[in-house]
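Biologist: Could you take me through one part of this model in detail? I would like a close look at the surroundings of the ligand, and at the nonpolar packing that goes with them.

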Amino acid sequence: MRTQVGIIGAGPAGLMLAHLLQRAGIESVVLEKHTRDYIERRVRAGVLEQSTVDLLNDAGLGERMRREGMVHHGIQLRFDGAGHRIDFSELTGGRGITVYGQQEVVKDLVRARLDAGGAIHFSVDEVGLQGLDTQRPRISYMLHGEAHELECDFVAGCDGFHGVSRQAIPADKLTTFERTYPFAWLGILAQAAPAHDELIYAYGDRGFALFSMRSPQVTRLYLQVAPEERLDDWSDDRVWQELHARLETHDGWRVNEGSVLEKSVTGMRSSVVEPMQHGRLFLAGDAAHIVPPTGAKGMNLAMNDVLVLARGLIEHFESGSDAALQRYSQTCLRRVWRAEHFSWWMTSMLHRFPADDSFQQRLQRSQLEYVVRSRAASASLAENYVGLPASWGTEP
Ligand SMILES: Cc1cc2nc3c(=O)[nH]c(=O)nc-3n(C[C@H](O)[C@H](O)[C@H](O)COP(=O)(O)OP(=O)(O)OC[C@H]3O[C@@H](n4cnc5c(N)ncnc54)[C@H](O)[C@@H]3O)c2cc1C
């Protein structure tokens with residue numbers, strides 16, 4: 001079998017790349033190890049930057065997002081029992097974010113792929129990459145117990161942090177930059193109307209908490225916990241008690257309780273590999289970099305990578321020029337490192353680090369006060385949170 005672009009992974013990155021290529025008349029095959037049902041139910045990110053919203057709209061995928069997504073114009077930072085609003089619109093000239101679950105984005109992308117008659121294989125196994133240094137790289141895989149081989153012009157490794165694509169690159173060709181944080185997030189999805197209309201980031205002696213939402217009926221909540229925390233030790237009652245304690249304010253505001261639909265613990269890590277390319281293999285999204293979720297950047301970075309990659313591939317197939325493809329890694333990494341810094345900065349400002357002494361905690365508090373009282377500091381947070389324009393970092 002042959003295709004122009006073999007895409008490994010049907011997350012936001014792989015599916016969006018397939019869609020952008022299909023609109024330009026470029027053929028691709030998407031290979032995904034899980035079932036369609038699984039990827040459409042997987043609860044993960046939910047904050048779309050303006051540039052991701054623009055990309056979905058421009059690609060003809062924004063209809064349901066415009067109907068069901070919730071546009072937010074600010075967030076609240078909460079400490080010492082009081083909330084402080086960061087007004088994105090006012091600080092960034094009208095920009096904002098849209099809350100729309102990652103699984104909804106994935107559903108819209110899968111639907112578009114199937115409607116366009118594009119190839120997508122679910123439940124593939126034993127994916128392997130060969131000939132990456134040649135003009136005809138190959139992907140081998142098992143499907144329904146049968147061995148297959150797909151010959152491609154290019155391979156896009158969009159298979160997330162634990163995928164096989166990055167591992168197919170010889171170790172001496174990649175440099176990895178990494179940081180592991182000494183805590184994790186315990187996240188719940190609850191059948192409860194959000195008690196506030198914007199996200200709340202709460203700093204306190206008991207640790208960090210985040211109030212978020214996925215729809216007018218569903219609240220998403222997170223607690224900072226130890227990295228080795230066992231879910232079994234967290235009954236629903238204990239989770240609610242801790243959320244009330246960390247999010248409470250002097251005026252008696254409380255999060256609404258409801259039945260817990262999903263509960264999970266996610267470790268917190270920053271990681272980047274450079275370059276994001278080897279031979280004819282291009283890495284995109286979590287396969288190349290991950291950020292702690294505090295800055296809400298993971299899915300947005302994945303979308304930006306594939307926009308840059310699609311432009312490079314279209315240029316190659318239309319004009320034979322590889323100039324944009326050769327700049328792929330450099331172009332993406334500028335935005336990636338900005339997001340890495342912002343995510344690290346938000347994480348460092350808002351979490352309790354086990355090794356921190358009282359001096360360090362005073363510094364954190366001072367930083368929070370500066371961010372909410374200084375227009376320059378608030379504007380910097382707002383500009384990074386809503387996301388830099390799509391053009392940012394693309395010029396030499
Ligand atoms: C558990 C978890 C929770 C998260 N929560 C948040 C959050 O609350 N907020 C936030 O902002 N961000 C969150 N993120 C980050 C965000 O979801 C990611 O940045 C985003 O999913 C990146 O998209 P992607 O397409 O690059 O990778 P993914 O979405 O990971 O997609 C990769 C796809 O490749 C498939 N795959 C993997 N290996 C293979 C293989 N060998 N062969 C074929 N297919 C393969 C996977 O099944 C998957 O469908 C979370 C991430 C994780 C892992």
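Modeller: Happy to; I will begin at the ligand and then turn to the nonpolar cores. Please keep in mind that this is a predicted model.

Let us start with the shell. There are 29 residues around the ligand, and those that come nearest are Glu 32, Arg 42, Gln 102, Tyr 222 and Asp 286. By type, the shell divides into 15 nonpolar, 8 polar and 6 charged residues.

For Arg 42, an N or O atom of the side chain is 2.8 Å from an oxygen atom of the ligand. For Gln 102, the corresponding distance from a side-chain N or O atom to a ligand oxygen is 2.7 Å. The backbone takes part as well: a polar backbone atom of Gly 298 is 3.4 Å from an oxygen atom of the ligand. As for cover, the ligand on its own has 1,000 Å² of accessible area, and the protein covers 85% of that.

Which elements supply the shell? The most comes from α8, with 3 residues.

The largest nonpolar core has 71 residues, and Ile 7, Met 16, Leu 17 and Ile 139 touch the most other members. Here too α8 stands out, giving the largest share of this core with 10 residues.

Ile 188 sits in strand β12 (residues 175-191). Ile 188 counts as buried because its relative accessible area is 1%, and the cut-off for buried is under 20%. Beyond neighbours within four places in sequence, the contacts of Ile 188 are Thr 219, Arg 220, Leu 221, Val 239, Trp 240, Leu 243, Val 260, Glu 262 and Lys 263. Ile 188 and Leu 261 are 73 residues apart in sequence, yet their C-alpha atoms are 7.3 Å apart in space. As background, nonpolar side chains tend to be buried together in soluble globular proteins.

How values were computed:
Residues are numbered from 1 along each chain as its sequence is written. This is a predicted model: local features need pLDDT of at least 70, side-chain atom pairs count only at pLDDT 80 or more; totals for chains, interfaces and linings use all residues. Side-chain values use heavy atoms; hydrogens and water are left out. A residue is near a molecule or strand if one of its heavy atoms lies within 4 Å of it. A polar contact is a pair of N or O atoms within 3.5 Å; within protein, one must be able to donate a hydrogen and the other to accept it, and residues adjacent in sequence count only if both atoms are side-chain atoms. Accessible areas come from the Shrake-Rupley method with a 1.4 Å probe; for residues, only the protein chains shown count as cover. Helices (H or I, at least four residues) and strands (E, at least two) are DSSP runs, numbered from the N terminus. Ala, Val, Leu, Ile, Met, Phe, Trp, Tyr, Cys and Pro count as nonpolar, Asp, Glu, Lys and Arg as charged, and the others, Gly among them, as polar. A nonpolar core is a set of buried Ala, Val, Leu, Ile, Met, Phe, Trp, Tyr and Cys residues joined through side-chain atoms within 4.5 Å. Buried means under 20% relative accessible area, exposed over 50%, partly exposed in between (1.4 Å probe, protein chains only). Contact means heavy atoms within 4.5 Å.
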